[in-house]
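Student: I have a structure to study and some questions about it. Can we go through them one at a time?

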Amino acid sequence: MSALNELYAGICACRKCEIFRTRTRAVPGEGPENAEIMFIGEAPGWHEDQQGRPFVGSAGQFLDALLKSIGLSRQQVYITNVIKTRPPDNRDPLPQEIANCRPWLDRQLEIIKPKMIVTLGRFSLGQFMPGSAISKIHGTAVKKDGVLYFPMYHPAAALHQGSLRGVIQSDMLKIPGLLAGLRKETEVAPVGQKEETQQLKLL
């Protein structure tokens with residue numbers, strides 16, 4: 001059993017939160033174990049709960065289109081959520097639910113070791129940049145400990161607020177250049193060199 005499949009078994013058996021009683025399926029995440037990019041959303045919705053897969057509803061269709069716009073497919077990236085079980089009535093995740101699920105997310109990060117983490121929405125952003133406002137920081141890359149964090153609005157935001165669709169599409173188009181830069185750094189950086197936290201302002 002691969003490390004990810006072993007992790008998935010643990011997630012599906014998790015009973016830490018009472019919301020496990022109302023779920024149809026847990027939604028661990030999906031994608032290759034060696035993915036360079038990890039997209040992290042908020043929580044599964046109704047469609048995800050039914051299928052046990054992340055981002056398969058309307059927001060997921062938009063995410064697929066966004067990936068296609070930069071020459072990627074979901075088979076090439078890793079997609080997951082901050083919490084792995086759908087909250088009842090699609091309410092926001094509770095702080096304790098996020099805390100209970102954090103070890104699962106941390107383990108995914110350990111296994112996959114992505115070069116780039118794209119946070120989708122404020123709950124995902126809050127896990128890596130607490131106190132940051134997504135309206136101010138979206139589309140700005142922040143590098144920390146060798147990983148590039150790139151905050152974006154959640155794809156679902158465009159479905160509720162049409163004016164954000166163009167913003168999300170524009171932010172997505174920055175990803176190929178950022179990833180190319182990371183690959184180049186990996187080729188030339190000395191082994192064991194530690195990256196200092198830096199913020200890259202993109203025009």
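Student: Which residues of α4 does α1 meet?

Tutor: This is a predicted model, in which local features need pLDDT of at least 70, side-chain atom pairs count only at pLDDT 80 or more, and totals for chains, interfaces and linings use all residues. Residues are numbered from 1 along each chain as its sequence is written, and side-chain values use heavy atoms, with hydrogens and water left out. Contact means heavy atoms within 4.5 Å, and helices (H or I, at least four residues) and strands (E, at least two) are DSSP runs numbered from the N terminus. From α1 come Ala3, Leu4, Leu7, Tyr8, Gly10 and Ile11, and in α4 they meet Trp104, Arg107, Gln108, Ile111 and Ile112.

Student: How many nonpolar residues are in the contact of α1 with α4?

Tutor: Ala, Val, Leu, Ile, Met, Phe, Trp, Tyr, Cys and Pro count as nonpolar; Asp, Glu, Lys and Arg count as charged; the others, Gly among them, are polar. The contact of α1 with α4 has one charged and two polar residues. Its nonpolar residues number eight.

Student: Are α1 and α4 roughly parallel or roughly antiparallel?

Tutor: Axes are lines fitted to C-alpha atoms, for helices over the stretch in contact, and angles run from 0 to 180 degrees between N-to-C directions. The axes of α1 (residues 3-13) and α4 (residues 95-112) come within 10 Å and cross at roughly 175°. Angles under 35 degrees count as roughly parallel, over 145 as roughly antiparallel, 65 to 115 as roughly perpendicular and the rest as oblique. So α1 and α4 are roughly antiparallel.

Student: Is Ile11 buried or exposed?

Tutor: Ile11 sits in helix α1. Leaving out residues up to four places away in sequence, Ile11 touches Arg23, Ala26, Pro28, Lys84 and Trp104. Buried means under 20% relative accessible area, exposed over 50%, partly exposed in between (1.4 Å probe, protein chains only). At a relative accessible area of 2%, Ile11 is buried.

Student: How do α3 and α8 pack: roughly parallel or oblique?

Tutor: Helix α3 (residues 58-69) and helix α8 (residues 164-172) have axes 9 Å apart and an angle of about 40°. That makes the pair oblique.

Student: Which residues of α8 make the contact with α3?

Tutor: On the α3 side are Phe62, Leu66, Leu67 and Ser69. By class, the contact has five nonpolar, two polar and one charged residues. The α8 side is Arg165, Ile168, Gln169 and Met172.

Student: Is Ser170 buried or partly exposed?

Tutor: Ser170 lies in helix α8. Its relative accessibility is 43%, so Ser170 counts as partly exposed.

Student: What is the phi of Lys113?

Tutor: Lys113 is in the loop between α4 and β3 (116-120). Lys113 is exposed, with a relative accessible area of 62%. Lys113 is not a glycine, yet its phi is positive, at about 50°.
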